[in-house]
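Subject: Structure handover

Hello,

Here is the structure you asked about. Please open it alongside this note.

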Amino acid sequence: MRYLAEVQKIGTLGSKTQLKLLAYQESEQIWIPVSDEETILSETANKYKAGAFVLVELNKNKQVRQIEQAARPLIGILQSYANLPKKLQRLEEEIALWQQSYSEQKKMLTRRSVALQNREQQLKQQKKDFNHKLEQQREQLDSVWDDLARLRQQLNIDRQKLTQTLQQL
């Protein structure tokens, strides 16, 4: 794990060097402060002056794997943080554009939904009207068939009477 640490000299005449861990790197842009005042003895840090900031790579047992001056990496980190307002402004602009696009799409979908509902109502009314007309025509046809059946029956009765009358003559 990568840590930001401060070099401290201890003992008489600064004979030993320890690293005071200040923060650890959780991800590329995120550093978390170390909650406890944790220090690690390190002979590899002897070449750095007291108070210098270093980046330390530690293994699982908190032994130093790699150490480097933190000045340049810290400047890079600070520069990336300095660019954050510009990035945030671009993100806010993108979000505003997305919100505007979303609002327009929502309005368009609402209009389409209303249009579809209106069309559905029209089709339902047309179907109802068609069924009503069909029923009326069916009733008229039934009435015509009934009239036709009565006329046939009357015609048969008249034919029989005519036949009887002709036979009597």
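Below is what was found, from the overall fold down to single residues.

Some ground rules. This is a predicted model, in which local features need pLDDT of at least 70, side-chain atom pairs count only at pLDDT 80 or more, and totals for chains, interfaces and linings use all residues. Residues are numbered from 1 along each chain as its sequence is written, and side-chain values use heavy atoms, with hydrogens and water left out.

Overall fold

The protein has two helices and five strands. Helices (H or I, at least four residues) and strands (E, at least two) are DSSP runs, numbered from the N terminus. Along the sequence the pattern is β-β-β-β-β-α-α. The radius of gyration, taken over C-alpha atoms, is 49 Å. Of the 169 residues, 15% count as buried. Buried means under 20% relative accessible area, with a 1.4 Å probe and protein chains only.

Five strands form an open sheet in the order 3-2-1-4-5, with antiparallel pairing. Two strands pair if DSSP finds at least two bridges between them. Strand 3 and strand 5 are at the edges, each with a single partner strand, so one side of each has no neighbour in the sheet. The twist averages 30° from one strand to the next. Axes here are lines fitted to C-alpha atoms, for helices over the stretch in contact; angles run from 0 to 180 degrees between N-to-C directions.

Strand 2 and strand 3 pair over seven bridges. Leu19 stands opposite Ile40 in strand 3. Helix 1 (residues 71–82) packs on the sheet and touches strand 1, strand 3, strand 4 and strand 5. Its direction makes about 75° with that of strand 5. Contact means heavy atoms within 4.5 Å.

Five bridges join strand 4 to strand 5 (residues 64–69). Val56 stands opposite Ile67 in strand 5. The hairpin of these two strands has five residues between them, and there Lys62 takes a positive phi near 60°.

The cores

A nonpolar core is a set of buried Ala, Val, Leu, Ile, Met, Phe, Trp, Tyr and Cys residues joined through side-chain atoms within 4.5 Å. The largest has 13 residues; Leu19, Leu21, Val54, Val56 and Ile67 touch the most other members. Strand 1 (2–10), strand 2 (16–25), strand 3 and strand 4 each give two or more residues to this core. Apart from it lies another core of six residues, among them Leu4, Trp31, Leu55 and Ala70.

The loop between strand 3 and strand 4

Two residues to look at here are Ser42 and Ala45. Ser42 is buried, with a relative accessible area of 6%. Its side chain makes a polar contact with the side chain of Thr44 (2.9 Å). A polar contact is a pair of N or O atoms within 3.5 Å; within protein, one must be able to donate a hydrogen and the other to accept it, and residues adjacent in sequence count only if both atoms are side-chain atoms. Not counting residues up to four places away in sequence, Ser42 touches Thr17, Gln18, Leu19 and Val64.

Ala45 is buried too, at 0%.

Best wishes

Notes. Buried < 20%, exposed > 50% of the residue type's maximum accessible area, 1.4 Å probe, protein only. Rg over C-alpha atoms; globule rule 2.2 N^0.38 Å.
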